[in-house]
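Please keep the sequence and the model in view while reading the points below.

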Amino acid sequence: MSGEDAPAQQQNAEEQKQQETKTPAESPKTESKPDPPPTSASTEAAAAAAATPAPAAEKAPEEDTFSYRALVLTGYGGYDKVKLQVKKGKPELKSGEVMVRVKMCGLNFADLMARQGLYDRLPSPPVTPGMECSGIIEEVGEDVTDRKVGDKVVVLNRSGLWQEVVVTAAIHTFLMPEGMSFEEAAALPVNYITAYMMLFDFGHLRPNQSVLIHMAAGGVGIAATQLCKTVNDVTVFGTASASKHEVISQGGVTHPIDYRTRDYVEEIRKISPKGLDIVLDPLGGSDTHKGYNLLKPMGKLISYGAANMLAGQKKNLFAVAKTWYQQFSVHTLSLIQGNRSVCGFHLGYLDSETELISQAMTVVLDLYQQGKIKPRIDSTYHLEQVGDAMRRMQERNNIGKIILTTEPMKEEEKKEEAKKEDDKKKEDKKKDDKKKEDKKKDEAKKDEKKEDKKKEETKKEDKKVEEKKEEAKKEEN
């Protein structure tokens, strides 16, 4: 449910056709009814008399006027497939549900996968993504006794949270601790529950152990590092690009490693020749092999993603897991002989285990209140900027959590954003023009070289002809 990179997949022709017939996302229109044909006075009177005994039930004015903005995945593909739309009509509350006015939403790697059709826990488009948010309860349904209007809550759900108003089961909400900001609340559930359950439920982390955290500057990476610090004398190895080392070192990573310029296996072996106790693996593929081989006896590898295996492939998580297992080929006998274990974890497939998740969330919130953990917010984007937010995560530029705010952009910001977009287009055009110009120059140089070569060959041929003539003259003499 977390990570940093995934490939863009294009939706099929049928999906594109369906989307082309839809109203533009940013300005949804209500359907207007045609004018009725003219009628005679007697017909009108009869119709009025017939209608009088049984008047139609009128909707409450609020239901007609209630609207809210929502991000909608309209099809699979690039960043432009997530569009901001307006939904009309007040959602109905069922028993046990609450209505939340959303303030902030969290962005996760699974959202990037969902946009590309690689995450099968999200219903088919059109659908609103989003697994975590924070906000204020506006209404409570029947049989809700532990929540009230005005409560500030964190919400965790399978999907549907990237919108201004959310209706969800009360058991999917958690009261925000005193002093917690809405940004922190939206950054907490997915990353910290994932990290906590991997380290403590699967990993059984204890004092004096060693842990490898890949992508240590990401949301789960920072959460896992902070949770490791709650246990005495845990050595943390963290992979990240060099520009992020200062931040992750300050956050608790003992040995930061630049995976782009160094072999992290060699670096770890130099410092810890016996290996590691726990490896958290969001990568898959060859890195899973490396992680497994780095384990000490009784060590545990916990796989919770497959970023390496997604490039250029369209697979859901089940297909990825199957391929991973086939490639990994760890048989029962080799596991027994190695005295090491391999686990798989994904929070998205635990959504029915509400008690298990609630227990983990309770511990995480307690740790926050004790000051032992604190989400690091990388950046906050408006709903209108969701494409930029996704791009930042996909290009691995974030250090910490990326947040979406439901607060609408101000007109000045919109103008500035439009100007940036225009400038970017102009810059891209300049780059394209330069590439074309450079290509023309390269082709001209190649043609020139070819021409020079031809001239050189012609000179050689002429020289050979002259030499033959000279030899013929000598023979005549």
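1. Is Lys 434 buried or exposed? With a relative accessibility of 52%, Lys 434 counts as exposed. The terms are set as follows: buried is under 20% relative accessible area, exposed is over 50%, and partly exposed lies in between, for a 1.4 Å probe and protein chains only.

2. The model is predicted: local features need pLDDT of at least 70, side-chain atom pairs count only at pLDDT 80 or more, and totals for chains, interfaces and linings use all residues. Residues are numbered from 1 along each chain as its sequence is written, and side-chain values use heavy atoms, with hydrogens and water left out.

3. Lys 434 forms a salt bridge with Asp 438, at 3.1 Å from N to O. A salt bridge here is a side-chain nitrogen of Lys or Arg within 4 Å of a carboxyl oxygen of Asp or Glu. The two residues are four apart in helix H15 (residues 411-476), and therefore about one helical turn separates them. Asp 438 is partly exposed, at 29% relative accessibility. Helices are DSSP runs of H or I with at least four residues, numbered from the N terminus.

4. Glu 267 is buried at 16% relative accessibility, whereas Lys 270 is exposed at 61%.

5. A further salt bridge joins Lys 148 and Asp 151 at 2.9 Å, N to O. Lys 148 is exposed, with a relative accessible area of 52%, while Asp 151 is buried at 10%.

6. Salt bridges also link Arg 69, Glu 164 and Glu 384 in a network. The count for the model comes to 16 salt bridges.

7. Helix H9 packs with helix H10 (residues 286-294) at an angle of about 10°, the axes lying 11 Å apart. The two helices are therefore roughly parallel, a term for angles under 35 degrees. Contact, meaning heavy atoms within 4.5 Å, is made by Tyr 264, Val 265, Ile 268 and Arg 269 of H9 with Asp 287, Lys 290, Asn 293 and Leu 294 of H10. These contact residues comprise four nonpolar, one polar and three charged.

Conventions: Axes are lines fitted to C-alpha atoms, for helices over the stretch in contact, and angles run from 0 to 180 degrees between N-to-C directions. Angles under 35 degrees count as roughly parallel, over 145 as roughly antiparallel, 65 to 115 as roughly perpendicular and the rest as oblique. Ala, Val, Leu, Ile, Met, Phe, Trp, Tyr, Cys and Pro count as nonpolar, Asp, Glu, Lys and Arg as charged, and the others, Gly among them, as polar.
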